[in-house]
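Please keep the structure in view while reading.

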Amino acid sequence: MTEQSLPNNMCSTAKSRPIAIANWLLGVAVLVFIMVVVGGITRLTESGLSITEWKPVTGALPPLSEADWLSEFAKYQQIPEYREINGPAGMTLSDFKFIYFWEWVHRLLGRIIGLAFALPLLWFAVKRAIPSGYGLRLLALLALGGLQGTIGWWMVSSGLSERTDVSHFRLAVHLLTALIILAGLVWTALDLRQAATGREKPARMTSLGTTVLVVLLIQLLFGAYTAGLNAGYVSSTWPLMNGYFIPGGIDWSTGVWSALNNDPYLIHFIHRWWAWVVVGFLVILARKVRPIDRRASIAIHTAFGSQILLGIATVMTGIDLHLAVSHQAVGALVVAATIWGVHVIGRPNTAYGTIIPAG
């Protein structure tokens, strides 16, 4: 597929199917959401380093015999996580099979998402069903999905030689890229639904929308740091952290920037309290959205309200697995709901500051 053939020559207004493509993109978004949830389970069960090789094609099959399992276990026994943590703890082959399962499912979902995007994209292109102006955007989403697979292996490789876990910086890139893909899928689907109603111009990014997304991105970044550094475990009390508003134990010796990016006490503190800054901006966004699309406003309020409660409960239970996974899952829903709201206020029929209800 060339740039010329996909975005233009293969897309005719008469044959375009914006609703069908929008529904397909939302279906892929659901798969990405499931991927984020399974990724959370993989991280919380310390399963991410169980597969020590990247085999994009042959790796789709799990070990099929006892000899295959023993071979995979032997490879895992060579990395620091086993030698320094799980080996001394007495890990058995059965224990290894459990963590291998979650990492394998996580990677399998990545392959499924790739096929679920690439094959329908090719079909819509051949049928000349892609509306004009959307071909390049869809190709960009496909490329970003392919890049995400590479980022995933780049993250895993950081924990195979010298560390007992993956780099929290690389984990943050991996998680944020997944959420950016989710946001891109939802935004494009919403644009296509608008196009199907005769509104040819896609939504624009407003100043409020940009501000809200930047504020949310900061929270997501520190959430990824919190996960990567196991910073949630440094305090199981709320609202104070071990009896203090600003927790003791922050290591300032290497400078403020280093502490912001590496100190678990400071990162947990920022993630805990920046959440309320996010809430403030999301309330403002929801109020702007409500006169135009009440459903989007409700979605924003429901998502961030649930996320706050889950975050507090996760901390106070000492990072209960089910609550922590739910916290990551609802975090993805917060992203989707926010993108919906930002899209609503950026639609061409919305005069920002003087809102004109749709329809």
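## Terms and model

Helix axes here are lines fitted to C-alpha atoms over the stretch in contact, and angles run from 0 to 180 degrees between N-to-C directions. The helices themselves are DSSP runs (H or I, at least four residues), numbered from the N terminus.

The model is predicted, with local features needing pLDDT of at least 70 and side-chain atom pairs counting only at pLDDT 80 or more, while totals for chains, interfaces and linings use all residues. Residues are numbered from 1 along each chain as its sequence is written, and side-chain values use heavy atoms, with hydrogens and water left out.

## Helix packing

Helix H8 (residues 207-228) packs against helix H10 (residues 264-289) at about 155°, and their axes are 9 Å apart. H8 is therefore roughly antiparallel to H10 (angles over 145 degrees count as roughly antiparallel, under 35 as roughly parallel, 65 to 115 as roughly perpendicular and the rest as oblique). The crossing of H8 and H10 is left-handed (the near helix is turned anticlockwise from the far one by less than a right angle; clockwise would be right-handed). Their contact has 17 nonpolar, six polar and one charged residues (Ala, Val, Leu, Ile, Met, Phe, Trp, Tyr, Cys and Pro count as nonpolar, Asp, Glu, Lys and Arg as charged, and the others, Gly among them, as polar).

The axes of H7 and H8 come within 8 Å and cross at roughly 135°, so these two helices are oblique to each other. H7 passes H8 in a right-handed crossing.

## The second largest pocket

A pocket is an open set of points on a 1 Å grid over the protein atoms alone, where a 1.4 Å probe fits, with protein on both sides within 12 Å along at least five of seven lines; lining residues have an atom within 4 Å of a point. The second largest pocket holds about 320 Å³ of space, the volume being that filled by probe spheres set on the points. It is lined by 16 residues, and Leu 179, Ile 180, Ala 183, Leu 213 and Ile 339 are the closest to its centre.

Helix H7 (168-196) is one of the elements that give two or more residues to this lining, and H7 gives the most, with six residues. By class, the lining has 15 nonpolar residues, one polar and no charged.

## Backbone exceptions

Most residues other than glycine have a negative phi, and most peptide bonds are trans. Arg 128 is not a glycine, yet has a positive phi of about 55°; Arg 128 lies in the loop between H5 and H6. A cis peptide bond joins Trp 238 and Pro 239, with omega about 5°. Pro 239 is in the loop between H8 and helix H9 (256-262).
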